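Please look through the structure below with its salt bridges and its domains in mind.

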Amino acid sequence: MSTPTRITHLVAGRPWEGTAERTSPVYNPATGEQTGVLDLASAATVGEVIDVAKRAWAQEWGQLSLARRTQVLFAFRELLNARKEEIAALITAEHGKVLSDALGEVTRGLEVAEFACGIPLLLKGGFTENASTKIDVYSIRQSLGVVAVISPFNFPAMVPLWFVPVAIACGNAVVIKPSEKDPSAVNAVARLWTEAGLPDGVLSVVHGDKEAVDALLTHPDVKAVSFVGSTPIARYVYETGTAHGKRVQALGGAKNHMLVLPDADLDLAADAAVNAGFGSAGERCMAISALVAVEPIGDELVAKIVDRMGKLRTGDGTRDSDMGPLVTRQHRDKVASYLDAGTEAGATLVVDGRAGEFDADGDGFFLAPTLFDNVLPNMSIYTDEIFGPVLSVLRVKSYDEGLELINANPYGNGTAIFTNDGGAARRFQSEVEVGMVGVNVPIPVPVSYYSFGGWKNSLFGDTHAHGIEGVHFFTRGKVVTSRWLDPSHGGLNLGFPQND
Ligand code: NAD
């Protein structure tokens with residue numbers, strides 16, 4: 001076993017030189033080996049980093065021309081594209097997802113950086129000449145100052161990239177607090193920003209846990225918080241951040257349903273269910289975890305899924321595996337505990353992931369793909385977000401029963417309908433109470449120039465991530481009403497100004 005590497009904060013472009021009072025272990029989930037020891041920031045350290053960010057914004061970045069800011073964005077985009085394999089390898093080493101999947105998440109993040117390169121157009125205001133006689137009106141959008149990004153373990157590169165390029169492009173300084181489970185990818189991406197010419201202090205990384213998060217949520221110089229994580233923490237972050245006067249977008253957990261109508265192509269639906277259920281070991285906020293089969297297709301669809309599951313290889317993400325391990329031993333054990341809970345509640349355990357074989361060395365955090373059939377809405381395997389490779393099949397008699405089930409669920413992140421009936425698909429997209437909808441697309445993650453976000457317990461706040469909503473979140477609007485005085489504006493009139 002090699003000695004764990006120290007992983008620390010990045011402040012003003014450089015590794016933090018202090019000594020942490022508390023640290024946290026980082027593992028390679030495929031081997032179970034501890035590979036890193038992460039410094040956890042105290043509230044005082046977070047405060048120092050915010051001060052650095054505030055100075056960088058006030059003295060430099062917030063004043064810099066759009067042309068200069070855009071040059072940095074383009075340079076960052078090029079560097080990230082050139083080094084995406086390196087970042088992907090870091091993700092696999094600490095998260096466990098297979099390399100191709102890790103590369104996929106960097107690429108989706110890269111697309112947000114590309115979107116942010118268009119910031120001059122996105123920040124272009126409106127101008128109305130002669131709105132009232134000889135009076136012009138125009139709008140501008142200005143940066144907020146220091147903003148915080150707090151991200152989850154499951155997309156260590158992509159989720160930060162949903163926010164950081166847009167926030168920086170809008171002229172803000174950013175302090176990011178990544179997940180303590182897989183912190184290295186964010187450090188690597190932050191170094192690319194420095195290499196791209198971003199002035200020191202405009203982006204800093206603080207690692208930590210609740211203490212660091214609370215310091216960000218309560219500090220008066222943090223103006224906005226973008227959070228992604230589980231629903232209880234998202235709610236807490238939203239309530240605490242807004243109580244301290246910040247604008248907050250807090251994206252939470254999910255239970256995503258795939259509704260399969262009897263007319264669907266069942267082979268394609270089975271492929272989609274397996275890909276979306278077990279990709280990244282089910283640790284995706286857009287994973288399909290509940291498959292709703294409209295009878296009479298349940299038996300046939302389950303048989304096709306089982307057949308495909310038999311072909312999946314679970315193992316070390318650097319090898320030829322389809323699915324990697326779970327992120328930590330505790331999380332693997334928690335996910336595995338649902339296999340007993342589901343069986344005890346009366347669901348049919350069709351494929352038991354504990355019986356799987358794994359292509360890996362050491363003692364990794366593995367659980368092979370698992371399938372439950374005959375799941376009922378009151379069972380914990382349905383009500384809880386398991387966040388692992390466990391797919392539950394629920395059977396319903398009609399489209400209406402399926403829709404009612406989905407709409408009754410407290411989460412509303414993503415959903416999909418599989419059908420060849422355009423009319424049914426059109427009804428579904430209109431009637432379903434979910435923020436992101438796929439029609440024959442199981443993981444409908446919007447492209448970067450649209451915005452990402454769920455409904456109900458999957459998002460607290462009203463602004464989704466990236467796209468034009470991201471630009472609005474990271475700026476404040478101002479409208480200027482202007483006239484260049486001439487004699488026609490003279491005279492006394494105490495009435496409320498009228499347009500003429
Ligand atoms: P998490 O809620 O445990 O952690 C998220 C962040 O909050 C981390 O940075 C963590 O350090 C911090 N945190 C944890 N506990 C805290 C506490 N008590 N007080 C303050 N901060 C705390 O989530 P996770 O396990 O890292 O990520 C998985 C969850 O994220 C799942 O629920 C998944 O659905 C959700 N997620 C949602 C989306 C989305 O877009 N809606 C995207 C990705 C992940």
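Asp-267, Asp-271, Lys-304 and Arg-308 are joined in a network of salt bridges; a salt bridge here is a side-chain nitrogen of Lys or Arg within 4 Å of a carboxyl oxygen of Asp or Glu. Side chains of opposite charge can pair when their charged atoms come close. The structure holds 32 salt bridges. This is a predicted model, in which local features need pLDDT of at least 70 and side-chain atom pairs count only at pLDDT 80 or more, while totals for chains, interfaces and linings use all residues. Residues are numbered from 1 along each chain as its sequence is written, and side-chain values use heavy atoms, with hydrogens and water left out.

Helices (H or I, at least four residues) and strands (E, at least two) are DSSP runs, numbered from the N terminus. Asp-39 counts as buried because its relative accessibility is 4%, whereas Arg-6 is partly exposed at 45%. Buried means under 20% relative accessible area, exposed means over 50%, and partly exposed is in between (1.4 Å probe, protein chains only).

A second pair is Glu-211 and Arg-22, whose side chains meet in a salt bridge at 3.3 Å, N to O. Glu-211 is partly exposed, with a relative accessible area of 33%, and Arg-22 is partly exposed at 33%.

The side chains of Lys-134 and Asp-486 also form a salt bridge, at 2.9 Å from N to O. Lys-134 sits in the loop between S6 and strand S7 (135-143), and Asp-486 in the segment after strand S25 (475-483), so the pair ties together parts 352 residues apart in sequence.

Strand S6 (residues 127-132) contains Ser-132. Ser-132 counts as buried because its relative accessibility is 6%. Leaving out residues up to four places away in sequence, Ser-132 touches Gln-498, Asn-499 and Asp-500, where contact means heavy atoms within 4.5 Å.

What domains does the domain assignment of the protein give? It gives domain 1 (5-252 + 458-479) and domain 2 (256-439); such bounds come from an automatic or database domain assignment. The C-alpha centres of domain 1 and domain 2 lie 31 Å apart, and 19 residues of domain 1 are in contact with 27 residues of domain 2.

Domain 1 and domain 2 bury about 1,800 Å² between them, 61% of it on carbon and sulfur atoms. Buried area is the accessible area (1.4 Å probe) that two parts lose on being put together, summed over both. Ala-30, Val-98 and Ser-458 supply 26% of the area that domain 1 buries against domain 2, more than any other three residues. Across this interface the rule finds one salt bridge. Asp-101 and Arg-284 meet through their side chains in a salt bridge (2.9 Å, N to O).
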